[in-house]
Amino acid sequence: MTTTRVLPTDGAKITYDVHGPLPTADGRPPLVMIGQPMDASGFAALVAQFPDRTVVTYDPRGLGRSSRSDGRVDQTPQTQAADVHALIGALDAGPVELFASSGGAVTALALVAGYPTDVTTLVAHEPPMIPVLPDAAAASRARESFLAAYRANGWGAGMAAFLAMTSWQGEFTDEYLARPAPDPAAYGLPAEDDGSRDDPLLSDRSLAISDYRPDVAALTAAPTRVVIAVGEESAGTFTARTAAATAALLGQEATVFPSHHGGFVGGEFGYAGQPEAFARRLREVLATA
């Protein structure tokens with residue numbers, strides 16, 4: 001049983017899906033799953049692995065089915081955290097368990113810092129926060145390379161440069177920064193300019209996500225159990241390094257999950273993860289006191 005609801009928040013109308021009953025049938029908190037810029041559709045394969053739980057997914061403001069009326073196009077962790085806080089309140093089911101992916105993991109860290117009683121356990125999977133890295137300045141320059149490619153030549157060029165950055169092993173060196181822009185065809189991407197300049201991943205609309213610096217003091221003081229997660233196939237890449245660095249700031253080691261950065265997705269997006277194995281690991285982590 002899935003119900004779709006629309007929640008008005010400050011400057012947005014947030015569309016979210018409740019998979020299962022409220023109040024929950026098992027007495028456990030709802031399991032909320034969030035991403036960014038991915039919307040609720042990206043969690044379909046993972047939701048299917050939890051038929052015994054009430055799972056909630058949502059579309060961030062201005063993405064998917066969620067509209068915005070605040071006159072802005074940028075995405076900030078604090079604004080998204082306020083939306084998720086409002087969503088949790090609308091569920092009226094007490095604090096939730098939260099699985100958060102990529103930019104959604106950044107939002108989730110801002111949520112716990114700002115609203116510390118909303119979440120019992122947070123599993124934050126590969127939050128891409130540049131300021132936590134020892135090579136943060138070089139990583140910012142590497143990010144600028146895919147932003148510039150997108151501004152100059154459109155989606156295919158921008159995505160190729162993005163994939164080159166996110167697959168690079170280790171710190172961003174002078175060698176990396178001196179490389180020419182990659183050929184989109186090498187990644188199976190179109191070379192022609194599609195004319196778009198508003199992609200939520202490749203434009204400057206999500207700069208505040210990757211520029212976010214976690215509030216370690218607030219996260220440490222919160223009653224929430226925070227678990228930083230990393231995919232086993234991500235080792236050495238940008239988001240694996242940001243996960244490891246964030247975990248270290250919180251006095252822990254990153255918890256290893258199966259597969260890659262999108263390890264919970266099915267094959268519908270062209271880069272399938274291992275949703276069944278990923279869900280088993282998520283269950284184990286959530287069950288650990």
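**Entry 1. Terms and model**

I take helices (H or I, at least four residues) and strands (E, at least two) as DSSP runs, numbered from the N terminus. I note that this is a predicted model, in which local features need pLDDT of at least 70, side-chain atom pairs count only at pLDDT 80 or more, and totals for chains, interfaces and linings use all residues. Residues are numbered from 1 along each chain as its sequence is written, and side-chain values use heavy atoms, with hydrogens and water left out.

**Entry 2. The chain as a whole**

I looked up the secondary structure and found 10 helices and 9 strands in the chain. The radius of gyration is 18 Å, close to the 19 Å that the globule rule gives for 289 residues, so the chain is as compact as a globular protein of that length. The radius of gyration is taken over C-alpha atoms, and the globule rule is 2.2 Å times the number of residues to the power 0.38. Along its principal axes, the C-alpha trace spans about 55 × 40 × 35 Å.

I then asked what share of the 289 residues counts as buried. The share is 53%, where buried means under 20% relative accessible area, exposed over 50%, and partly exposed in between (1.4 Å probe, protein chains only). For contacts (heavy atoms within 4.5 Å), I considered pairs of residues at least 6 apart in sequence, and 71% of these join residues at least 24 apart.

The chain exposes about 12100 Å², of which carbon and sulfur atoms supply 55%. Accessible areas come from the Shrake-Rupley method with a 1.4 Å probe; for residues, only the protein chains shown count as cover. I recorded 20 positive and 33 negative side chains, with the centres of the two sets 3 Å apart. Lys and Arg count as positive and Asp and Glu as negative, while His and the chain ends are not counted. The place of a charge is taken as NZ of Lys, CZ of Arg, CG of Asp or CD of Glu.

I compared each helix with its expected span, which is 1.5 Å times one less than its number of residues. The 18 residues of H4 should span 26 Å, and its end C-alpha atoms are 26 Å apart, which agrees. Among the buried residues of H4 are Arg 143, Phe 146, Leu 147 and Tyr 150. Their cover includes H5, H6 and helix H7 (207-210). Just after H4, Gly 154 takes a positive phi of about 90 degrees.

Helix H5 (residues 155-167) has 13 residues and reaches 18 Å from its first C-alpha to its last, close to the 18 Å expected. The buried residues of H5 include Gly 156, Met 159, Phe 162 and Met 165. I found the buried residues of H5 packed against helix H4 (136-153), helix H6 (174-178) and helix H9 (238-249).

**Entry 3. Backbone exceptions**

Most residues other than glycine have a negative phi, and most peptide bonds are trans. I listed the cases that depart from this.

A cis peptide bond joins Leu 22 and Pro 23, with omega about 0 degrees. Pro 23 is in the loop between strand S2 (12-19) and strand S3 (31-34). The peptide bond from Gln 36 to Pro 37 is also cis, with omega near 5 degrees, and Pro 37 is in the loop between S3 and helix H1 (44-47).

Ser 102 is not a glycine, yet it has a positive phi of about 55 degrees. I located Ser 102 in the loop between strand S6 (96-101) and H3. Is Ser 102 buried or exposed? It counts as buried, at 15% relative accessibility. Not counting residues up to four places away in sequence, Ser 102 touches Gln 36, His 125, Glu 126, Pro 127, Pro 128 and His 261.

Ser 259 has a phi near 75 degrees, a positive value in a residue other than glycine. Ser 259 is in the loop between strand S9 (255-257) and helix H10 (275-287), and it counts as buried at 1% relative accessibility.

I found Tyr 115 in the loop between helix H3 (103-114) and strand S7 (119-125). Its relative accessibility is 27%, so Tyr 115 counts as partly exposed. Beyond residues up to four places away in sequence, Tyr 115 touches Ala 81, Ala 82 and His 85. Its C-alpha atom is separated by 10 Å from that of Ala 86, 29 residues apart along the chain.

Thr 9 is in strand S1 (residues 2-9) and is buried, with a relative accessible area of 17%. Leaving aside neighbours within four places in sequence, I found Thr 9 in contact with Ile 14, Arg 61, Asp 83 and Ala 86.
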